[in-house]
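Please open the model in your viewer and keep the selection panel at hand. The tour moves from the whole chain to single residues, one selection at a time.

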Amino acid sequence: MNTPLLFTRAALCAALAFGPAPLLAQAYDPMRPAGNPLTPAMPGPDAGAPAVELDPELGNLPVGPGAEDTYYQCIACHSTAIIRQQRLTDARWDYLWTWMVEDQGMYEPDEETKEVILTYLKTHFSSER
Ligand code: HEC
């Protein structure tokens, strides 16, 4: 009288033990070694971009003439991140310079230094070249 029930139970156990188990293991394995986030296996989105040398001593501004002048002129009020994220036209850089001086009270250096800095900004953070 118990036989059919026993059989059903055995079949159920077998199905649970051998049936879906490999599938589940494939879908989610809590023991799977996690990837190291510091050494991603896949190349990043800008892996193909040409390497630009950044100067960690100058807030990671690109190395080049004017980097140091730009750093000390601009770091007085904000980090270089606000500069590094820009891609602006030459006219926009000229406008921002004036805005920084007239509205934000930026100290204006001599004409030569101003040219060096603006040339640096227009070279490295341009939407035009
Ligand atoms: C006297 C202070 C001061 C100095 C010096 C200064 N800035 Fe700024 N700058 C500001 C302020 C204030 C803002 C607005 C910040 C904000 O929106 O949070 C700003 C914003 C900016 C922005 C973002 C503008 C936008 O459209 O959002 C850029 C780019 C920028 N500065 C570039 C420079 C550069 C390049 C220099 C150096 C040549 C410089 N700043 C020097 C005060 C200054």
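What is the mean pLDDT of the protein chain? The mean pLDDT (the predictor's confidence in each residue, from 0 to 100) is 82, and 65% of the residues reach 70 or more. Select residues 12–16 next, where the pLDDT is below 50 and where, beyond near neighbours in sequence, the model has 0 contacts, two residues being in contact if their C-beta atoms, placed from the backbone, lie within 7 Å. Where pLDDT is low, the predicted coordinates should not be read in detail.

Residues are numbered from 1 along each chain as its sequence is written. This is a predicted model, in which local features need pLDDT of at least 70 and side-chain atom pairs count only at pLDDT 80 or more, while totals for chains, interfaces and linings use all residues.

Now show the protein chain as a cartoon, and you will find 6 helices and 2 strands, in the pattern α-α-β-β-α-α-α-α when read along the sequence. Here helices (H or I, at least four residues) and strands (E, at least two) are DSSP runs, numbered from the N terminus.

Select helix 3, residues 67–74, in which Ala67, Thr70 and Gln73 are buried. A residue is buried if 20 or more other C-beta atoms lie within 10 Å of its own, exposed if 12 or fewer, and partly exposed in between. These three residues lie on the same side of helix 3, because they cover an arc of only 135 degrees around the axis, taken from the directions from the helix axis to the C-beta atoms.

Finish at glutamate 108, in the loop between helix 5 and helix 6. Is glutamate 108 buried or partly exposed? With 13 other C-beta atoms within 10 Å, glutamate 108 is partly exposed. Leaving aside residues up to four places away in sequence, glutamate 108 touches Val101 and Lys114. If you draw a distance from the C-alpha atom of glutamate 108 to that of tryptophan 97, the separation is 9.2 Å.
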